[in-house]
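This report describes selected structural features of one protein model. Please consult the sequence and the coordinates alongside the text.

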Amino acid sequence: MNIEARRIEVAAAFEAAFGRQPTVWVQAPGRVDLMGSHTDYNQGFVLTQAIDRSTWIAASPRDDRQVSIRSMNVSGGAEFPLDDIQYDTAIPWSNYVRGVAAVLQSEGYALQGFNGLIHSDIPFGSGLSSSAALEAAAAVLFDTLSGLAVDPVLMARLCQRAENEFVGMNCGILDQYSSIMGEAGAVLQLDCRSITSETKPIAPGIQVVICDTRAERALTGSEYPERRAQCEQGARILAQAYPEIAALRDASLAQLASQSGKMSALVAMRCRFVIEENQRVLEMSEALAQGDLARVGQLTAASYAGARDLYQIISPEMA
C-alpha cells in the first residue's frame, strides 16, 4: 500500500470512529540493528537503521484533557484522563501511549488531549521495535499538539523511561533512539553511553534485507531481564579488579579471562558475547563503508554463532 492509499484508508477509519477527519498526522519508523545485539544496556555501541515500515497516528485535538485512542491493527480502544493516568490491564497496548503521557507530565510538560487512531505496518513481535515506534509516535503527537518542542534525544530518553517505568520493560535506549533519530537512507552508529550517534555510510551495492521467520518475540518474558542481570553481575565482578569498568563496554576479553573464575560459567559466557559483539559493531561499520562483503559475512556469522552459543537467544526458526 502506498502512502496516499494508506492515508485515505486511515482517514476513512478515523471518520468512522470519531465522526470527523483527522487534522494531525505523525509517524515513527521501526528499526533493525545491523550489529550490536544486547550491547545497548551494557553501554556499548549499536549499528542501527530505521526501516520503511512505520506506525502512524492520525489525530484531532480535544479540549477536555482526555485521550481516546484506537487501533486499526488490534481490537479494542482506550480512553483515559491526562489528570489520572492508570495502567490498563484490559488494553495493554494503550500503556505505551499512557506511559509516554505520564512521563512527559512528570517532567512538567502540559499536554493536550486528543482522539487518535493508530495504524502500523511494522510486524508485531518481530524484533523491529513496533512498541518503540508507538511510543515515539505518541511522543511526537503530544509534542505537536501541545507545542512542546522537546529535544529529540530527550524525547527518546523519555520514551525509554515510559517503557521502563510505566510499561515495566527494563529496555535500553536503542529502540526509542532509532525510531526518533533515524533518517531515510542512513545508518547510525549509536553510542549507548553518551546517547550520541554518527551517521555511517553503506557502500553502493549492499542492500539490507529483513527476513521474517514468523517467530514471535516478547521482551516482557523472563529471558531479557535475566540476560541483563547476568551482564550487570559480570560487570560488578570485573569492577572489583578493574575499577575503571563501569559496564561491559569497558571490559576486554583479557580482563574477562582473568576474572572468569570468580563468576559462574553462564555469566562469563554472557559477558564474552557482549564484549565481542561490541567490537564487532565497530568492525562492521568499517566493513559496510568499504564494501568488504567477505568481512561483513565473517562478522555476521560470528555474531550469529555468539548469539546461539554464548547468549543463547537464537530461536529454531532462525537456524
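The sections below treat the basis of the model, its strands, its helices and several individual residues.

## Basis of the model

The model is predicted, with local features requiring pLDDT of at least 70 and side-chain atom pairs counted only at pLDDT 80 or more, whereas totals for chains, interfaces and linings use all residues. Residues are numbered from 1 along each chain as its sequence is written, and side-chain values use heavy atoms, with hydrogens and water left out.

Helices (H or I, at least four residues) and strands (E, at least two) are DSSP runs, numbered from the N terminus.

Strand S2 covers residues 45-61 and is mostly covered, with 14 of its 17 residues buried. Here buried means under 20% relative accessible area, exposed means over 50%, and partly exposed lies in between (1.4 Å probe, protein chains only).

Two strands count as paired if DSSP finds at least two bridges between them. S2 runs antiparallel to strand S1 (residues 24-35), to which 10 bridges join it; in this pairing Gln-27 stands opposite Trp-56 of S2. Strand S5 (residues 114-120) pairs with S2 in the antiparallel sense over 7 bridges, and Phe-114 of S5 is the bridge partner of Pro-61. Strand S6 (residues 187-191) is also antiparallel to S2, through 4 bridges, with Leu-190 of S6 as the bridge partner of Val-46.

## Packing of H4 against H5

Helix H4 (residues 152-167) packs on helix H5 (residues 174-181) at an angle of about 140°, the axes being 8 Å apart. Axes are lines fitted to C-alpha atoms, for helices over the stretch in contact, and angles run from 0 to 180 degrees between N-to-C directions. On the H4 side the contact (heavy atoms within 4.5 Å) is made by Pro-152, Val-153, Met-155, Ala-156, Cys-159, Gln-160 and Glu-163, and on the H5 side by Gln-176, Tyr-177, Ile-180 and Met-181.

By class, this contact of H4 with H5 has 8 nonpolar, 2 polar and 1 charged residues. Ala, Val, Leu, Ile, Met, Phe, Trp, Tyr, Cys and Pro count as nonpolar, Asp, Glu, Lys and Arg as charged, and the others, Gly among them, as polar.

## Helix H6

Helix H6 (residues 223-241) has 19 residues and reaches 28 Å from its first C-alpha to its last, close to the 27 Å expected at 1.5 Å a residue. That expected span is 1.5 Å times one less than the number of residues.

The buried residues of H6 are Tyr-224, Arg-227, Arg-228, Gln-230, Cys-231, Gly-234, Ala-235, Ile-237 and Leu-238. Their cover includes helix H7 (253-259) and helix H8 (265-290).

## Individual residues

Ala-78 lies in strand S4 (residues 77-81) and is buried, with a relative accessible area of 8%. Leaving aside neighbours within four places in sequence, Ala-78 is in contact with Val-67, Ser-68, Ile-69, Asp-88, Ile-91, Ser-94 and Arg-98. By contrast, Pro-316, in the segment after helix H9 (293-309), is exposed at 70% relative accessible area. The C-alpha atoms of Pro-316 and Thr-213 are 103 residues apart along the chain and separated by 9.4 Å.

Most residues other than glycine have a negative phi. Gln-43, in the loop between S1 and S2, has a positive phi near 60° and is partly exposed at 28% relative accessibility. Gln-312, in the segment after H9, has a positive phi near 55° and is partly exposed at 39% relative accessibility.
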